Amino acid sequence: MSIQVINTDPFANLNVDLHCHSTVSDGVLSPAEVAQRAHAQGVDVWALTDHDEVGGIIAAREAATDLGMQFVTGLEISVTWANKTIHIVGLNIDENNPDLLAGLIKTRSGRQRRAEDMSADLAKVGIPNSYAGALKYVGNPDLISRSHFARYLVEIGVCEDVSAVFKSYLIEGKPGYVPHRWANLTEAVNWIKGAGGVAVVAHPGRYDLSPLAFDAFFNEFKALGGGAIEVVTGSHTVDQYDEYTKIASRYGFMASRGSDFHAPDEHSPDLGQLPNLSKELIPVWRTWAK
């Protein structure tokens, strides 16, 4: 394990969290409550990045402004690439861009049918009525997701916590997994760029891709105009901070930092509690943070 080197660039040393979720997608706190928690944790620059949805941005911006935090408009788009689901964060977007909004409606479609199919598959292994159970945790019916099912499985005692659910259920090859065709990479990057934003690969360490596939993906992402990858994120280990520092440098990407916060009792580290980026990286917020 290498020693984390603190970046002397003042922009790099801002407490920045550019990845988290609210009840508008699969979080458990409202946009305003997430803002309050981020502020309480010392965050200076904050983005709400709900899945395939920008409906929480107005409330998030108002709360962040009242608290004195710099707010960055954001979202996280689900993408299908090589039959794998990959998430692309968009930062500093115009949330009213018509092409972006139309694209998000397109990529949200089909979630309810997928959820019904997930419920039917779970029923086959003795877990009935999971669709109705998951709905109790849903803030936005258009965005029912695996996280909502996971919280229900914890509630009824199938697993101890959400992390345990995602080891035995709802993932490829396990009960409750149902694939979904999301946007393609070209669409997602173009929607983000068309809305004036920067496209960022979310938590790359989570994806089950071979080194050859990762190389093809990163090259395609860069050719499309993708600008950054998350290096320091709640989904990465400390060793992966170093690994993706090297990858960002190799491909010429800027670097982002975000907790991927969903709920207070489901997440560690919390909002704003991640280490700084390595000194050789260019922070994605370098051009617009104050």
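This is a predicted model: local features need pLDDT of at least 70, side-chain atom pairs count only at pLDDT 80 or more; totals for chains, interfaces and linings use all residues.
Residues are numbered from 1 along each chain as its sequence is written, and side-chain values use heavy atoms, with hydrogens and water left out.

The sheet comes first. Helices (H or I, at least four residues) and strands (E, at least two) are DSSP runs, numbered from the N terminus. Two strands are said to pair if DSSP finds at least two bridges between them. In general, strands of a sheet pair through backbone hydrogen bonds, either parallel or antiparallel. Here, seven strands form an open sheet with mixed pairing, in the order β1-β2-β3-β4-β5-β6-β7. Its edge strands are β1 (16-17) and β7 (254-258), each of which pairs on one side only.

Individual pairings can be followed across this sheet. Strands β1 and β2 run parallel and are joined by two bridges; Val 16 has Val 45 as its bridge partner in β2. By contrast, β4 (residues 84-91) and β5 (residues 198-201) run antiparallel, with four bridges between them. There, Ile 88 is partnered by Val 201 of β5. Five bridges connect strand β6 (residues 228-233) to β7 in the parallel sense, and Val 232 stands opposite Arg 257 in β7.

The next topic is burial. A residue is buried under 20% relative accessible area, exposed over 50%, and partly exposed in between (1.4 Å probe, protein chains only). Strand β7 is largely enclosed by the rest of the structure, because four of its five residues are buried. In a regular strand the side chains alternate between the two faces of the sheet. In β2, Val 45 and Ala 47 point one way, Trp 46 and Leu 48 point the other way, and all are buried.

What is the relative accessible area of Asp 17? The value is 0%, so Asp 17 is buried. Contact means heavy atoms within 4.5 Å. Leaving aside neighbours within four places in sequence, Asp 17 is in contact with several residues, including Val 45, Trp 46 and Ala 47, as well as Arg 257 and Gly 258. Asp 17 and Pro 264 are 247 residues apart in sequence, and their C-alpha atoms are 15 Å apart in space.

An annotation in the UniProt record, from an unreviewed entry, reads "domain: Polymerase/histidinol phosphatase N-terminal" and covers residues 16-81. UniProt positions are given in the numbering used here, feature names are shortened, and annotations may be inferred rather than shown by experiment. The span of residues 16-81 is 32% helix and 27% strand, and its end C-alpha atoms lie 29 Å apart.

Two helices can be considered as a pair. Helix α1 (residues 31-40) packs against helix α2 (residues 57-67) at an angle of about 30°, with the axes 8 Å apart. On the α1 side, the contact is made by Pro 31, Ala 32, Ala 35, Gln 36 and His 39, and on the α2 side by Ala 59, Ala 60, Ala 63, Ala 64 and Leu 67. Axes are lines fitted to C-alpha atoms, for helices over the stretch in contact, and angles run from 0 to 180 degrees between N-to-C directions.

Asp 52 lies in the loop between β2 (45-48) and α2, and has a positive phi of about 55° although it is not a glycine. Ala 82, in the loop between β3 (70-81) and β4, is likewise not a glycine and has a positive phi of about 50°. Are these two residues buried or exposed? Asp 52 is buried, with a relative accessible area of 0%, whereas Ala 82 counts as exposed because its relative accessibility is 52%.

Ile 93 is in the loop between β4 and α3 (98-108). With a relative accessible area of 5%, Ile 93 is buried. Not counting residues up to four places away in sequence, Ile 93 touches a set of residues, among them Val 54, Leu 75, Leu 100 and Ile 192. The C-alpha atoms of Ile 93 and Tyr 131, which are 38 residues apart along the chain, are separated by 33 Å.

Finally, the cysteines may be examined. A disulfide is a pair of cysteine sulfur atoms within 2.5 Å, and a search of the whole structure finds zero disulfides. Cys 20 is buried at 0% relative accessible area, and Cys 159 counts as buried at 12% relative accessibility.
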